[in-house]
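I want to look up the ligand surroundings, then a helix pair, then some backbone angles.

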Amino acid sequence: MSIPPTIEVRGLRKVFRQATTGQSVVAIDRLDLTIQPKEVIAIVGQTGCGKSTFFDMMIGLEAPTEGSIHIGDKSPYSDFDYFRGKMATVFQQDRLLPWRSALDNAKLPLELMGRPEDEQRERALMWLNKLGLGQFTNAYPHELSGGMRQRVAIARAFAVQPDILLADEAFGHLDEVTAAELRDTFLQLARECGSTAILITHQLEEAIAVGDRIAVFGKSAKLLADIHVNLWPKERYGELREAIQATLQSQKADPRLMQPA
Ligand SMILES: Nc1ncnc2c1ncn2[C@@H]1O[C@H](COP(=O)(O)OP(=O)(O)OP(=O)(O)O)[C@@H](O)[C@H]1O
Ligand SMILES: [Mg+2]
């Protein structure tokens, strides 16, 4: 697999005009962020701070009002088709097609990419097996639990062997044990595949568990803190959690985050 390209976000701004009130909402206000190849980054921030808007722009669903996102020398919005099969997403809802079996759901992106039928089947089966669903490949979504459906969604994301994986609150609605287990599987697989992974969450525990790096977003996706978690010893994670919490509450970087760990 190729090395994923660097992601460069420069002066990114997104303003929405709300249809009902006619008022403008600045969802993202001049965000700068560089994400290195194979980096695993968690983005945390309070509700409404612009996380999903950032996600939608990363996957090319929304155009920037100003500024840019570059992935290598391409832009996800202007070069939308180029990124087919290079980026994969996992959302809070599994978004499985109810009339397709687990296998047929997992192979759908490969089908859309026009890959040979044998390859579609083989890759989808491999990932369903890796995610512990070997016995359920012919089951339909309504026959599976929420956690199992989310596993199918993860298998579907990995099956395209993406350079970049994006997850938006992908584990938030599951019970804590299942969520932690799936998150760990997701991270382990992302590392095995050498993908860059971006996980959006509003749960601090989840962000810290991700490991490499945490970007703390304030209102309008203002980058309040950019934390390299691997510089923090595990025994100071409690302090790290408190400092991030304080940052989110005050909307200012907590001084403890400025100190070298
Ligand atoms: N399509 C849209 N039209 C108008 N306003 C929008 C649109 N999408 C998002 N917004 C506004 O942009 C702001 C950021 O929304 P966004 O969904 O990015 O937040 P979020 O950080 O993902 O929140 P949450 O944690 O609740 O998912 C909000 O004020 C929201 O109302
Ligand atoms: Mg959101």
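This is a predicted model: local features need pLDDT of at least 70, side-chain atom pairs count only at pLDDT 80 or more; totals for chains, interfaces and linings use all residues.

Before sorting residues by class, I note that Ala, Val, Leu, Ile, Met, Phe, Trp, Tyr, Cys and Pro count as nonpolar, Asp, Glu, Lys and Arg as charged, and the others, Gly among them, as polar. By that scheme the shell around ligand 1 holds four nonpolar, eight polar and one charged residues.

Residues are numbered from 1 along each chain as its sequence is written, chains are lettered from A and ligands numbered from 1 in the order in which they are written, and side-chain values use heavy atoms, with hydrogens and water left out.

**Ligand 1**

I looked up who surrounds ligand 1 and got 13 residues, with Thr47, Gly48, Lys51, Ser52 and Thr53 the closest; a residue is near if one of its heavy atoms lies within 4 Å.

Then I went for polar contacts (pairs of N or O atoms within 3.5 Å). The side chain of Thr47 puts an N or O atom 2.4 Å from an oxygen atom of ligand 1. Gly50 uses a backbone N or O atom, 3.0 Å from a ligand oxygen. Gln18 has a polar side-chain atom 3.5 Å from a nitrogen atom of ligand 1.

Strand S2 (24-35) and helix H1 (51-58) are the elements giving two or more residues to this shell. I read helices as DSSP runs of H or I with at least four residues, and strands as E runs of at least two, numbered from the N terminus. H1 gives the most, three residues.

**H5 and H6**

How do the axes of helix H5 (residues 146-159) and helix H6 (residues 176-193) cross? I find roughly 10°, and the axes come within 11 Å; they are lines fitted to C-alpha atoms over the stretch in contact, with angles from 0 to 180 degrees between N-to-C directions. So H5 is roughly parallel to H6, as angles under 35 degrees count that way.

**Phi check**

Most residues other than glycine have a negative phi. Arg30 has a positive one of about 55°, and sits in strand S2. Ser220 also has a positive phi, about 55°, in the loop between strand S8 (213-217) and strand S9 (223-228).

Methods: A polar contact is a pair of N or O atoms within 3.5 Å; within protein, one must be able to donate a hydrogen and the other to accept it, and residues adjacent in sequence count only if both atoms are side-chain atoms. Angles under 35 degrees count as roughly parallel, over 145 as roughly antiparallel, 65 to 115 as roughly perpendicular and the rest as oblique.
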